[in-house]
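My entries follow in the order I looked things up.

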Amino acid sequence: MFTPAELLDINTLLTPENNIVILTHYNPDGDAIGSSLGLKHYLKAKGISAEVIVPNDFPKFLKWMPESKKVIIGEYKRKFAFDLISGADVIFCLDFNSPSRIGILGDWLTRARAKKILIDHHQQPETFDFVYSDTVIPATSQMIYHFIEAMEDETLVNQDIAECLYTGIMTDTGGFRFRSTSATTHRIIANLIEKGADPSVITSNTWDTNTVSRLHLLALVLGRIEVVNDGKVAVLSLTRNELKEYGFQKGDTEGFVNYGLSIAGVRMATFFMEDLYDDFIKISFRSKDDVDVNQFSRKYFNGGGHINAAGGKSNESLADTIETFKKRVEEEEM
């Protein structure tokens, strides 16, 4: 958490007169949107306005959250986003550890005169004016709750804040399944429920919204899961042509990698997907116990993240990327 002196400094910055912007990472997920909107609603409860800007669009299943329709998408409104960032007095940087993680917004953030406040749970954060970094906490949305606590503003937590933070924590913990989920996480979830977050409604809004295209793609992926390395590693993949054939929509492949990890005996699962427009392979890694996919992804696939959840990228073909991956997991004895 920020030091008491830092909290005092931050508190002096949080005034209605200051222009405040909230940024999160490229390809925003549930935690990115949940933490950003949760913080926006908290500031609103304090009488302070803030704008949420994301580099690119986010999945439809997250667009039920309060004021999600007001999120500014940088790739659609470049000049508006640039002007807001350039004119900001305070910029909150949520759920990313480096300006390189926010796409076209990164250079604008670096050049901005604003005070930059990082709240993030990824490893190896870069330098910001104020840094709250904790890799043990399972979701940035939980860190926003801790920030509200530290500001002694728990009484301001309302239903809008609760719904957003609950969604972020739920999605980034895989429905409270990942080992980083702690007793503290569950206590916060209980508090959010008491403030108006309805678990059944949030779960339905977020996860029970499958498109036909998603189910077709899931059937295709599940039909050809490959298990290698003596049954310890699962490999899933989709080609660009398959995405096009079944009418892929943003968010359709969210969580596919977890199906590989659900196989008995599998300790690491990886999902490879050709980008729909550019010539690279997007990679998602998940693991159990002490299998460190963060380091593995950093070492071989230009990525990173957490010990048990990471992302990566390859400029090889899909087939070559998968072959390279198989060699690396064998060498590393994953």
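This is a predicted model: local features need pLDDT of at least 70, side-chain atom pairs count only at pLDDT 80 or more; totals for chains, interfaces and linings use all residues.

**Entry 1: strand 9 and its partners**

I began with strand 8 (residues 233-238) and strand 9, which run parallel and are joined by six bridges. Strands here are DSSP runs of E with at least two residues, helices are runs of H or I with at least four residues, and both are numbered from the N terminus. Two strands pair if DSSP finds at least two bridges between them. Residues are numbered from 1 along each chain as its sequence is written, and side-chain values use heavy atoms, without hydrogens and water.

I then looked at the other neighbour. Strand 9 and strand 10 (residues 281-287) run antiparallel, with seven bridges. A hairpin through six residues connects strand 9 to strand 10. Which residues flank F272? F272 in strand 9 is the bridge partner of S237, and F272 stands opposite I283 in strand 10.

Next I checked burial (buried is under 20% relative accessible area, exposed over 50%, partly exposed in between, with a 1.4 Å probe and protein chains only). Seven of the seven residues of strand 9 (residues 268-274) are buried, so the strand is largely enclosed by the rest of the structure. Both faces are covered. One side carries M268, T270, F272 and E274; the other carries A269, F271 and M273.

**Entry 2: the annotated span**

I looked up the record. The unreviewed UniProt entry annotates residues 231-331 as "domain: DHHA1". UniProt positions are in the numbering used here, feature names are shortened, and annotations may be inferred rather than shown by experiment. I found the end C-alpha atoms of residues 231-331 to be 15 Å apart. This span is 34% helix and 28% strand.

I traced an open sheet of six strands with parallel pairing, in the order 3-2-1-4-5-6. Its edge strands are strand 3 (72-73) and strand 6 (130-133), each pairing on one side only. Strand 4 (residues 90-94) and strand 5 (residues 115-120) run parallel with five bridges. I119 in strand 5 is the bridge partner of L94.

I asked which residues have the most contacts inside the largest nonpolar core. They are L43, F92, I119, F147 and L192, in a core of 50 residues. Helix 6 (residues 159-172) gives the largest share of this core, seven residues. A nonpolar core is a set of buried Ala, Val, Leu, Ile, Met, Phe, Trp, Tyr and Cys residues joined through side-chain atoms within 4.5 Å.

Leaving aside neighbours within four places in sequence, F147 is in contact (heavy atoms within 4.5 Å) with M1, F2, L7, I10, L14, L39, Y42, F92 and I119. F147 is also among the buried residues of helix 5. Helix 5 (residues 140-150) is mostly covered, with nine of its eleven residues buried. Just after helix 5, E152 takes a positive phi of about 60°.

**Entry 3: the whole chain**

The chain has 13 helices and twelve strands. Of its 334 residues, 53% count as buried. The C-alpha trace spans about 55 × 40 × 40 Å along its principal axes. Among contacts between residues at least 6 apart in sequence, 66% join residues at least 24 apart.
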